Amino acid sequence: MTELTEKQREFLDKNPFVGTATTLRQDGSPHNTIVWVDTEDDAVTFNTAVGRAKERHLRKDPRAAMTVVDPENTYRWVSVSGHAELTKEGADQQIDKLAKKYLGEDEYPWRNPEEERIKVRIKPEKIDSAGFDE
């Protein structure tokens, strides 16, 4: 497994830049969606809900990728690929943490009480980046 450098981790943690999460459909074709991004321990994370395409795809094939680009400098980016783990543990707290980072809100404002949140952790197997002096 590969690890994020300190500068890559800081880039992902400190900036409210959205990421493009890529999962694989049942036919093997890629499915891209825009997500809020976080890091946790050795993983790049995002949040979704049970039943959504990302969650369904990852249950069948855990391979995933995430790319985050600085919108002010598109030559500064981090891309991670690896196998994803899904967990409900800490998912509600994570979506609130992401709402604070991306919206300045203490709680996720679009919470649906009938929805179960899922935390997706991509363990990096390959990391590519540009714009970092390392």
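**View 1. D41 in the loop between β3 and β4**. D41 sits in the loop that joins β3 to β4; helices (H or I, at least four residues) and strands (E, at least two) are DSSP runs, numbered from the N terminus. This is a predicted model, in which local features need pLDDT of at least 70, side-chain atom pairs count only at pLDDT 80 or more, and totals for chains, interfaces and linings use all residues. Residues are numbered from 1 along each chain as its sequence is written, and side-chain values use heavy atoms, with hydrogens and water left out. The phi of D41 is near 55°, a positive value in a residue other than glycine. Most residues other than glycine have a negative phi. D41 is exposed, with a relative accessible area of 60%; exposed means over 50%, buried under 20% and partly exposed in between (1.4 Å probe, protein chains only).

**View 2. Strand β7 and its partners**. β7 (residues 117-130) pairs with β4 in the antiparallel sense over 6 bridges. Two strands pair if DSSP finds at least two bridges between them. Within β7, V120 is the bridge partner of F46. β7 also runs antiparallel to β6 (residues 73-87), with 11 bridges joining them. Here T87 has K119 of β7 as its bridge partner.

**View 3. Helix α3 and what covers it**. α3 has 13 residues and reaches 17 Å from its first C-alpha to its last, close to the expected 18 Å; the expected span is 1.5 Å times one less than the number of residues. The buried residues of α3 are A91, Q94, I95, D96, L98, A99 and Y102. An α-helix has 3.6 residues a turn, so residues three or four places apart point the same way. β3 (38-40), β4, β6 and β7 are among what covers the buried residues of α3, contact being heavy atoms within 4.5 Å. Just after α3, G104 takes a positive phi of about 75°.

**View 4. The largest pocket**. The largest pocket holds about 150 Å³ of space. A pocket is an open set of points on a 1 Å grid over the protein atoms alone where a 1.4 Å probe fits, with protein on both sides within 12 Å along at least five of seven lines; lining residues have an atom within 4 Å of a point. Its volume is the space filled by probe spheres set on the points. The lining includes I34, W36, R52, Y108 and R117. β4 gives the largest share, 3 residues.
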